[in-house]
Amino acid sequence: MAHIRSKELDKLLALLGGTDNITSVSHCISRLRLVLQKLEQPDIKQIEKLPSVKGCFHHQGQLQVIIGPNVDRFYDAFTKILGISETPKQEIKQGNCKNMRTAEQAHSHFLQFLTWPK
């Protein structure tokens with residue numbers, strides 16, 4: 001991905017349901033991680049057709065869009081068009097919990113229990 005096209009970013013934003021549907025956005029080493037108001041709203045099949053996107057799926061209350069090693073540049077350009085800055089991790093976790101299915105919430109709470117200080 002030599003150059004991030006603004007048309008592609010605009011298309012992704014539209015497929016995600018617009019700015020009103022995005023609660024927060026962050027990224028890891030290869031994925032854009034989004035907490036959405038309505039997790040069912042994005043058109044995953046169309047998102048996966050975008051040139052920069054390698055895959056897209058729901059996981060633990062987030063929509064994860066696989067971009068690859070240039071995700072940091074993609075994230076910077078995407079947040080610029082959104083007009084937002086990086087979201088603190090605690091806020092992201094709270095948003096994730098809201099979107100998780102019951103089994104995912106139970107699993108998350110169980111993992112927290114295992115990692116509590118003794």
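# Why these labels?

Student: Why does V25 count as buried?

Tutor: Buried means under 20% relative accessible area, exposed means over 50%, and partly exposed is anything in between (1.4 Å probe, protein chains only). V25 comes out at 0% relative accessibility, so V25 goes in the buried class. The model is predicted, so local features need pLDDT of at least 70 and side-chain atom pairs count only at pLDDT 80 or more, while totals for chains, interfaces and linings use all residues. Residues are numbered from 1 along each chain as its sequence is written, and side-chain values use heavy atoms, with hydrogens and water left out.

Student: Where does V25 lie?

Tutor: In strand 1, residues 22-27. Helices (H or I, at least four residues) and strands (E, at least two) are DSSP runs, numbered from the N terminus. Check V25 against L63, too: they are 38 residues apart in sequence, yet 9.6 Å apart in space, C-alpha to C-alpha.

Student: How many helices and strands does the protein come to?

Tutor: Five helices and four strands. Read from the N terminus, the order is α-β-β-α-β-β-α-α-α. As for burial, 39% of the 118 residues are buried.

Student: How do you know what the count of disulfides comes to?

Tutor: A disulfide is a pair of cysteine sulfur atoms within 2.5 Å. Apply that rule and the count is zero disulfides.

Student: What makes helix 1 roughly perpendicular to helix 3?

Tutor: Two packed helices are described by the angle between their axes and the distance between the axes. The axes are lines fitted to C-alpha atoms, for helices over the stretch in contact, and the angles run from 0 to 180 degrees between N-to-C directions. Helix 1 (residues 6-15) and helix 3 (residues 71-82) have axes that come within 10 Å and cross at roughly 65°. Under 35 degrees is roughly parallel, over 145 roughly antiparallel, 65 to 115 roughly perpendicular, and the rest oblique. That is why helix 1 is called roughly perpendicular to helix 3.

Student: Which residues meet there, in helix 1 and helix 3?

Tutor: L9, D10, L12 and L13 on the helix 1 side, and F74, A77, F78, I81 and L82 on the helix 3 side. By class, that contact of helix 1 with helix 3 has eight nonpolar, no polar and one charged residues. Ala, Val, Leu, Ile, Met, Phe, Trp, Tyr, Cys and Pro count as nonpolar, Asp, Glu, Lys and Arg as charged, and the others, Gly among them, as polar.

Student: Why does R73 get the label partly exposed?

Tutor: R73 has a relative accessible area of 38%, so partly exposed is its class. R73 is found in helix 3, and its C-alpha is 8.0 Å from that of I4, 69 residues away along the chain.

Student: And why does L39 count as buried?

Tutor: Because L39 has 14% relative accessibility. L39 is found in the loop between strand 2 (31-36) and helix 2 (44-47).

Student: What is phi near in Q60?

Tutor: Near 45°, a positive value in a residue other than glycine. Most residues other than glycine have a negative phi. Q60 has its place in the loop between strand 3 (55-59) and strand 4 (62-66), and at 26% relative accessibility Q60 counts as partly exposed.

Terms used
Contact = heavy atoms within 4.5 Å.
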